[in-house]
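Subject: Structure handover

Hello,

Here is the structure for you to look through. Please open it first, then read my notes below.

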Amino acid sequence: MSFLFRSSKTFKPKKNIPEGTHQYDLMKHAAATLGSGNLRNAVQLPDGEDLNEWVAVNTVDFFNQINMLYGTITEFCTEDTCSIMSAGPKYEYHWADGQTVKKPIKCSAPKYIDYLMTWVQDQLDDETLFPSKIGVPFPKNFINIAKTILKRLFRVYAHIYHQHFSEVVRLSEEAHLNTSFKHFIYFVQEFNLIDRRELAPLQDLIDKLITKDGR
């Protein structure tokens with residue numbers, strides 16, 4: 001994987017859905033419904049669509065969004081400032097992918113997020129896990145694969161909110177971050193994709209954002 005310069009606005013190369021595919025049409029549909037401003041409606045499975053495809057398209061979208069959001073604050077998230085991957089004083093994450101790193105390792109936040117985003121990218125690029133061609137079936141355990149990816153992507157949001165929110169505000173990115181996170185939460189709640197315990201580091205914020213939304 002090619003690593004981009006730290007000053008880049010995108011942390012990792014953006015994942016594109018090929019034009020002309022059904023997933024591309026679904027992505028266009030998702031973008032159009034998001035534009036309406038009603039996030040609850042935007043996350044619902046469109047009539048007649050396959051749940052796996054809908055989850056796949058949105059997982060790619062969240063990867064790209066988080067990639068960009070983290071890209072804006074990489075200069076503040078360093079080995080020195082974030083020597084552990086945390087989401088506040090009570091939550092610390094250790095990295096393991098179950099394949100090359102079987103035993104969880106303690107590492108800095110930039111290192112952890114680098115491992116995480118590279119790992120997600122590899123999953124998204126794997127046609128046996130995320131098929132983009134028409135007629136190629138999703139694996140039977142696809143929803144579980146997506147759950148693991150989304151659970152880990154949530155940790156990047158959690159780290160940004162807990163450790164870098166002041167920098168996000170300084171960059172005038174907080175509206176973008178809040179909208180992206182709210183969209184993410186509505187999506188994972190709609191399809192029950194992340195266990196409530198995993199959301200604990202941001203539960204207060206989730207309650208506030210959803211109550212404020214009033215829908």
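Helices (H or I, at least four residues) and strands (E, at least two) are DSSP runs, numbered from the N terminus. From the N terminus on, the elements here run α-α-α-α-α-α-α. That is seven helices and zero strands.

Two notes on the source. This is a predicted model, where local features need pLDDT of at least 70, side-chain atom pairs count only at pLDDT 80 or more, and totals for chains, interfaces and linings use all residues. Residues are numbered from 1 along each chain as its sequence is written, and side-chain values use heavy atoms, with hydrogens and water left out.

The whole chain

The protein has 215 residues, and 49% of them count as buried. Buried means under 20% relative accessible area, exposed means over 50%, and partly exposed lies in between (1.4 Å probe, protein chains only). A contact means heavy atoms within 4.5 Å. Take the contacts with a separation of 6 or more: 72% of them join residues 24 or more positions apart.

The core

A nonpolar core is a set of buried Ala, Val, Leu, Ile, Met, Phe, Trp, Tyr and Cys residues joined through side-chain atoms within 4.5 Å. The largest one here holds 63 residues. Leu153, Phe154, Tyr157, Phe181, Phe184 and Leu202 touch the most other members. Helices α2 (39-43), α3 (51-73), α4 (109-125), α5 (142-170), α6 (174-190) and α7 (203-213) each supply at least two residues of this core. Helix α5 gives the most, with 13 residues.

Now look at Phe184. Leave aside its neighbours within four places in sequence. Phe184 is then in contact with Phe62, Leu150, Leu153, Phe154, Tyr157 and Ile194.

Helices α3 and α5

Two packed helices are described by the angle between their axes and the distance between the axes. Axes are lines fitted to C-alpha atoms, for helices over the stretch in contact, and angles run from 0 to 180 degrees between N-to-C directions. The axes of α3 and α5 come within 10 Å and cross at roughly 25°. That makes α3 roughly parallel to α5, since angles under 35 degrees count as roughly parallel, over 145 as roughly antiparallel, 65 to 115 as roughly perpendicular and the rest as oblique.

Which residues meet? Those of α3 include Phe62, Gln65 and Leu69, and those of α5 include Leu150, Leu153 and Tyr157. By class, this contact has 19 nonpolar, four polar and one charged residues. Ala, Val, Leu, Ile, Met, Phe, Trp, Tyr, Cys and Pro count as nonpolar, Asp, Glu, Lys and Arg as charged, and the others, Gly among them, as polar.

Two residues in α6

Ser180 is found in helix α6. Ser180 counts as buried, at 2% relative accessibility. Beyond its neighbours within four places in sequence, Ser180 is in contact with Phe62, Gln65, Leu69 and Tyr157.

His183 also lies in helix α6. His183 is buried, with a relative accessible area of 4%. The C-alpha atoms of His183 and Asn38 are separated by 9.6 Å, yet these residues are 145 apart along the chain.

Two loop residues

Ser172 is in the loop between α5 and α6. Its phi is near 55°, a positive value in a residue other than glycine. Is Ser172 buried or exposed? Ser172 counts as exposed, at 61% relative accessibility.

Asn192 is in the loop between α6 and α7. Phi of Asn192 is near 55°, again positive in a residue other than glycine. Asn192 is exposed, with a relative accessible area of 58%.

Best wishes
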